[in-house]
Amino acid sequence: MTVNPDNLVLLFTTTCGASGELLGSDEKETVQLVWQVLNLITKKPGPVNELLLKPEGGCMSEECVEVSGISAEALISAAPLEEALSQFNERLHSEINTSAGNSFCLCTDGQLHLRQVLHPEASSKNILLPECFFSFFDLRKEFKKCYPSEADRKDLDLQSMADYLNLSVDSSDHAFTALKVLQMSSIAQALISEPVCHTFSCPEKVNEKFETGTCSKMERIDDNTVIRARGLPWQSSDQDVARFFRGLNIAKGGAALCLNAQGRRNGEALVRFENEEHRDLALQRHKHHMGSRYIEVYKATGEDFLKIAGGTSNEVANFLSRENQVIVRMRGLPFTATAEQVLQFFSPSCPVTDGSEGILFVRFPDGRPTGDAFVLFSCEEHAENALKKHKEILGKRYIELFRSTAAEVQQVLNKYSSAPLIAVAPAPILPVVPQPTFVPSTVAAVVGTRDCLRLRGLPYDASVQDILLFLGEYTADIRPHGVHMVLNQQGRPSGDAFIQMRSAERAYLAAHRCHKRSMKERYVEVFPCSAQEMNVVLMGGSLSRSGLSPPPCKLRRLSPASYTLPPGGAVLPAGAVLPTGAVLPVDAAALYPSQFLLNPRPLAPAAFYPANSQMYMNYAAYYPSPPGSPPNMGYYPTSHAPSAGSVLSHPPTAMIRMQSHTSAHAYASGVKEILSMVQGYQPSNSDALVTLPSLLSAKQPIGDQSLGGGAYVDLQLL
C-alpha cells in the first residue's frame, strides 16, 4: 500500500442492476469499468479508458441500459470478470509505467464501487483480485477533509461537490459513466491545486483476510458496529462468514457463530465491524446469498456479541493466544480419553500445534469430562487432513470433527463452566400444588447427617423401578417420596438422582455396596450426601468429591438462609377450590393413614451465604418420583366443615379418585361406562372425581377396577 502515491486512478464501475446509492445492493454483476489516470505531480489527467465485462447472468436491467448506454449485444464479445481484471491491471501498469518506480492508488466516488461491488463478486466467483484493489481513496472523504463545514458526507455526490467548487464538465460528447469519471478528475485536480493544495495520503485499506482472536467480557463494544446474520449453513465457519462480508473490515475476532442449547450451531452469527460505516454497508447485504441460501442481516448490540464471544477463562485465553491457528472441534470423545490418545488419533498426517498444549478438553464444573475437545492445527492443510478423520474410531466411539472458531470455544466453555451440576428444568404450565421434599415428621433431620444418596451416571432410560432393583435390599430403607429423578432443560433425564434414606448408616452401606454397580450396561456411581448438600445442589450449586461449591452467579434470588418451606400441616387451605370446582372439606385423617401425613423438611442454612444478603443463582428444579403410596401429595384438605358452593356439602358423602394406568386411555367411551359403576362426572384429563351417596356404596366399585375395553383403573377412596 502506497502512502503517498504519484498517480491517482479514478475508477467508476457499472453493474447490470441498480446504480447510485443502491449500487451493489442487488448482487448484480459488473458490466463496465471506466477509469482515468491523474498524475499528482504534474496535475495532468490521462485519457478515459473503458473495459466491458460479460456477466454470467446475461440479462441487464432497464436502469442499467438507460444510465450506461450499454447494449446487450456489446457484451456478447466482452471478457468475463477474471480476464477483464487481468486486462485492467496490465493496461494500468503499462500506462503508469510502474517498472520505472511510479506508484498509483485507486480513487472512487464513495465506498460502494470496491467494497460492495468488486470484492463481493470476486469472492463469490473465487477470483483473486489484484493487489491494487485492496487500498483506495474515497473522494467524498477527501473532499470533506478540505471542506469540513460542507454537507454531511452521506449527502455528498459528484454533482454537489462540483457545484461547490464551481466546476463544470461538457456532457454533450461523453457517455454517462465517462462523464462521472471526468467529474471525479476535475474535483481531484481542484483539491490538489491552489489554494487547497490537498495531499492524497494514507489510503483506506480493505482487509485481505479475517483475523481470529479473543474477546474479553470486560471489553466495551459499540452497539453501532455489530450485526446479526441469520440463515447460515450449519457447516459454515467464521471464515465463511468473513467471506460473505468480503470488502468490509471485520474487527479482529469479530465473527462469532451462535450455538443452541445442545451446543450445536443454530445458523446465526454475530459480526463486529471496525466502524459504523462498515456496519451500515453490511446491512445492505440483507438477503444476499451464501451458496444457495440467502442470509438475513439485522442490527445487534455489543452486549449480544459479548454474550457469544466474550470469555473470562485464563485457560481459554492461553489456548487461543496462538494466532493464525485453525481450530477443530472434537465431539463424542470417551470420558477417559487423554491428550496422548488424541495426539495419536491425528498423527502422523496432521500434527497438533504444540503437542498436548494444543488440546483443550471441555469439562463440567466438578471436573467431569463432557466428551468435547478443541484442537489447534498450524495450517489449513493439516486441518483438512484432520477433518478427513470424521467419524473414525477412538477407543470404542466414533468421533465427530468440525471446523471451529475462537468464539465457539468461548461459548462452549462458558456454557459448561457456568452450568449447574443439575440442569435447569422448565416450570410446569399449570402448577396446582407445590411439591417440596417431604420426610416423616417422626424422623427429624439432623444438619450435616449424610442420610441421602446421590446416583450419578444413570442410563437415560432408567426409571424409578430400575433404581429400586439397582438398590436391592436397601429399597426398604427409602423414605416415602424419597426418590428424586433429575431432568434437564429439555425435560429429559440428566443421569442424576437423589435418594433419601431412613438413616445415615443405611445410606453409607448402600453407597458402599452399590457404588459402580452396573445398570443396563453402565456403571453407576453412588455417593452418600446430606440433605443440606442435596438442597444446595438442587438450587444450582455443584457437589464434587472436593466439597460444595456455591451456586454460580446468574439470576437474582433470595439467599438459601432465608428460604424455608411452609410449616407442617395441610397443603391446601380449608375450602380450597379445585380446577373442576369441587371443594374437599373432608378431614385429612380420612385420606391416608397417619404415617403418611408428612411434614416438610426445613432447609438448613449454608455456611457460605450471609443470612441477610441476596445472591445470584441459577434456576434449578427436582422431580420427586415416589416409590410408593400415597400417589399424590396435592389434595390435602384441612377442614371437615363444608364451605359455600361445595359440591360435597353433606358430611356422609365420599370421594373416589380414578386414575388410568394406560397413557393412551382417556375414557374415550365417555361417561356412560363410568356411570354404570358410579354416579359422577368426567373432567378433561384422564382423572375423574366421583361422589357417592354413602361410604358403603363407594367401597363397592373399588372391588371391580376395570372399565369398558379392559383398561385397568386405579380407584382410591378419598
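**Reading the sheet**

Mentor: Let's start with an open sheet of 5 strands, in the order β9-β10-β8-β12-β11, with antiparallel pairing. Its edge strands, which each pair on one side only, are β9 (250–259) and β11 (288–290). From one strand to the next, the twist averages 30°. Before going on, note that the model is predicted: local features need pLDDT of at least 70 and side-chain atom pairs pLDDT 80 or more, while totals for chains, interfaces and linings use all residues. Residues are numbered from 1 along each chain as its sequence is written, and side-chain values use heavy atoms, with hydrogens and water left out.

Trainee: What counts as a strand, and what counts as a pair of them?

Mentor: Helices (H or I, at least four residues) and strands (E, at least two) are DSSP runs, numbered from the N terminus. Two strands pair if DSSP finds at least two bridges between them. Here β8 (residues 226–230) and β12 (residues 293–299) run antiparallel and are joined by 4 bridges.

Trainee: Which strands does helix α9 lie across?

Mentor: Helix α9 (residues 302–309) lies across β8, β9 and β10, at about 70° to β9. For such angles, axes are lines fitted to C-alpha atoms, for helices over the stretch in contact, and the values run from 0 to 180 degrees between N-to-C directions. Contact means heavy atoms within 4.5 Å.

Trainee: Why is β10 described as largely enclosed?

Mentor: In β10, 8 of the 9 residues are buried, so the rest of the structure largely encloses the strand. Five bridges, all told, is the tally for β8 with β10, an antiparallel pair, and I227 stands opposite V271 in β10. For β9 and β10, also antiparallel, there are 5 bridges, with L259 opposite R265. The β9–β10 hairpin has 5 residues between its strands, and there G263 takes a positive phi near 80°.

Trainee: Let's move on to the aromatics. How many aromatic pairs does the structure hold?

Mentor: There are 11 aromatic pairs. One of them joins W35 and F88 edge-to-face, at 4.8 Å centre to centre with 85° between the planes. W35 belongs to strand β2 (residues 30–39) and F88 to helix α2 (residues 81–96), so this pair ties together parts 53 residues apart in sequence. W35 is buried at 0% relative accessibility, and F88 is buried at 0% as well. Now look at W234 and F402, an edge-to-face pair with centres 6.3 Å apart and 75° between the planes. W234 sits in the loop between β8 and α7 (238–244) and F402 in strand β19, so the pair ties together parts 168 residues apart in sequence.

Trainee: And what are the cut-offs for calling such a pair?

Mentor: Rings of Phe, Tyr and Trp (its six-membered ring) pair if their centres lie within 6.5 Å; planes under 30 degrees apart are stacked, over 60 edge-to-face and the rest tilted. Ring pairs also link W35, F88 and F133 into a cluster.

Trainee: Is W234 buried or exposed?

Mentor: W234 is exposed, at 55% relative accessible area, whereas F402 is buried at 17%.

Trainee: Where does T405 sit, and what does its side chain reach?

Mentor: T405 is in the loop between β19 (400–404) and α13 (406–418), and is buried at 1% relative accessible area. Its side chain reaches the backbone nitrogen of E408 at 3.0 Å. A polar contact is a pair of N or O atoms within 3.5 Å; within protein, one must be able to donate a hydrogen and the other to accept it, and residues adjacent in sequence count only if both atoms are side-chain atoms. Neighbours within four places in sequence aside, T405 is in contact with D238, L257 and I327.

Technical notes: Buried means under 20% relative accessible area, exposed over 50%, partly exposed in between (1.4 Å probe, protein chains only).
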